Amino acid sequence: MSRAPFDVAVIGAGAAGMMAAAVAGQRGLRVVLVDHAKRLAEKIRISGGGRCNFTNLGAGPAQFLSRNPDFCRSALRGYGPQDFLDLLRTHGVSWHEKHRGQLFCDDSSESIIQLLQRECQQGQVAWRMPCTVQAVHREAAAFVLDTDSGPISATQVVLATGGMAIPQLGATDFSLRIARQFGLKIVEPRPALVPLTFDVAHWQPYAALSGVALEVSLSHEMRPGAKDLALPPSEDSSPVAAQDGKAAGRRSQANRKRRRGSARAEFLEDLLFTHRGLSGPGILQISSYWQPGDPIRVDLAPGQAMGEALVAAKSGSRQTLLTALSAIWPRRLAEAWLAQSDAAWAGKAAAMGGAGSGADAAGNLGSLRLADVSDRNLRALGEGIHGWTLWPTGTAGYKKAEVMRGGVDTAELDQRSLQAQRCPGLYVIGEAVDVTGWLGGYNFQWAWASGVACGRALVSGAVQA
């Protein structure tokens, strides 16, 4: 049986895959791009609300999580945000900065997809789509892809099928399975940039706040004795499980600090209450650091020193606690917060101007006038506002996650080319690699950078038919 002679077979026609195929093709290599989807690049199409948050002006190694935080440095240095902007200018694609360095298309995500298609056409890339790869194996000096459209032979294979986030768009663990087949270690995958969920009974008092949003400061600090989240475990042979939802600017940058062996991350972003837990940009950011059993800390009034502000406001004031908090929060949140304040308030209520029994006063906390509350208790209330500690029980899973955390261990790959060191000719790029960016265009920048690094490193010399 004759087989098409290709220098490179790229599996996965997403952001990283099309970029790698285009770069290699334009260098004169014979490239075939294979994808099982019926519609091209759906993840690009839906990203950024349909306008594709295609990069971030501040993209650099500090915004990426990995067992080896320096692994992405070479690729990002070789192809940064300005390089992609140059490509957009070449194709006449207009863009704008929306928020804290996040860049979006003026038109729609389709502009990015068409740009990548044109780049592939310029490199005379051959397409096989829809085409499902059923197996990949070695045959002499070539890799052979067994597909539902017949075998494809190439001297090099690029795994660019991404991770398991958004399975409804066809996401699978294909790259991880093939990587493991060729002996590469995998860092345990799990959902990232994903809403966090809570025990139903525990969250019931806040479920009615669904839709309420506000800017907060969120932080995660690894509990004592836990493994460093920046260094998730590497496994050799255990199955890749979806683990859906279960364990498995001003200051938009994360404050990552090392203290006594712990890892800390902090973000100033919006938070959104949902029926099951918390979402919004801030929660998505912190979710990449969170592990089952870890708490998260929420400052509901960042930069406001609420305790002192409440004490200062009580002089000559007849306003209630509810009125005071409703001035900085949505009223529904103020009501729920006061209704669910720490049980210690019940014991302290009698000291609040003698306002009835402990139970009654605690139950009517919002109706208390600031002037009737001691300075000590106002400061204690402020501390609670700035340090709301929550214990998520899980995540909303891959169906709601924007990306997958973990993937092929970077120790297996050459950081300049993304080639597998123990399997020459096999490359892994994009989300399938254990490099995960923050929310805000960073993961697309990793796709462009890793795709270009790989595309530049691929060599000619295809197997003859």
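Q: Which residue in E9 does His-137 stand opposite?
A: In general, two strands pair if DSSP finds at least two bridges between them; strands (E, at least two residues) and helices (H or I, at least four) are DSSP runs, numbered from the N terminus. Here, His-137 stands opposite Val-144 in E9. Strand E8 (residues 133-139) and E9 pair in the antiparallel sense over six bridges. The model is predicted, so local features need pLDDT of at least 70 and side-chain atom pairs count only at pLDDT 80 or more, while totals for chains, interfaces and linings use all residues. Residues are numbered from 1 along each chain as its sequence is written, and side-chain values use heavy atoms, with hydrogens and water left out.

Q: What is the bridge partner of Val-144 in E10?
A: Ser-153 is that partner. Strand E10 (residues 152-159) pairs with E9 in the antiparallel sense over three bridges.

Q: Which residues in the two hairpins take a positive phi?
A: In the hairpin of E8 and E9, with two residues between the strands, Ala-140 has a positive phi near 60°. The hairpin of E9 and E10 has four residues between its strands, and Gly-150 in the turn has a positive phi of about 110°.

Q: Why is strand E9 described as largely enclosed by the rest of the structure?
A: Buried means under 20% relative accessible area, exposed over 50%, and partly exposed in between (1.4 Å probe, protein chains only). Five of the six residues of E9 (residues 142-147) are buried, so this strand is largely enclosed.

Q: Is Arg-405 buried or exposed?
A: Lys and Arg count as positive and Asp and Glu as negative; His and the chain ends are not counted. A salt bridge is a side-chain nitrogen of Lys or Arg within 4 Å of a carboxyl oxygen of Asp or Glu. Arg-405, in strand E21 (residues 403-408), is buried yet has no salt bridge. The nearest side chain of opposite charge, Asp-434, is 4.4 Å away. A polar atom of the Arg-405 side chain does lie 2.9 Å from the backbone oxygen of Ser-288.

Q: What is the order of the open sheet of three strands?
A: The order is E3-E6-E5, with antiparallel pairing. Strand E3 (53-56) and strand E5 (95-99) are the edge strands, each pairing on one side only. E3 and strand E6 (residues 102-105) pair over three bridges, and the partner of Asn-53 in E6 is Phe-104.

Technical notes
Polar contact = N/O pair within 3.5 Å; in protein donor to acceptor, adjacent residues only side chain to side chain.
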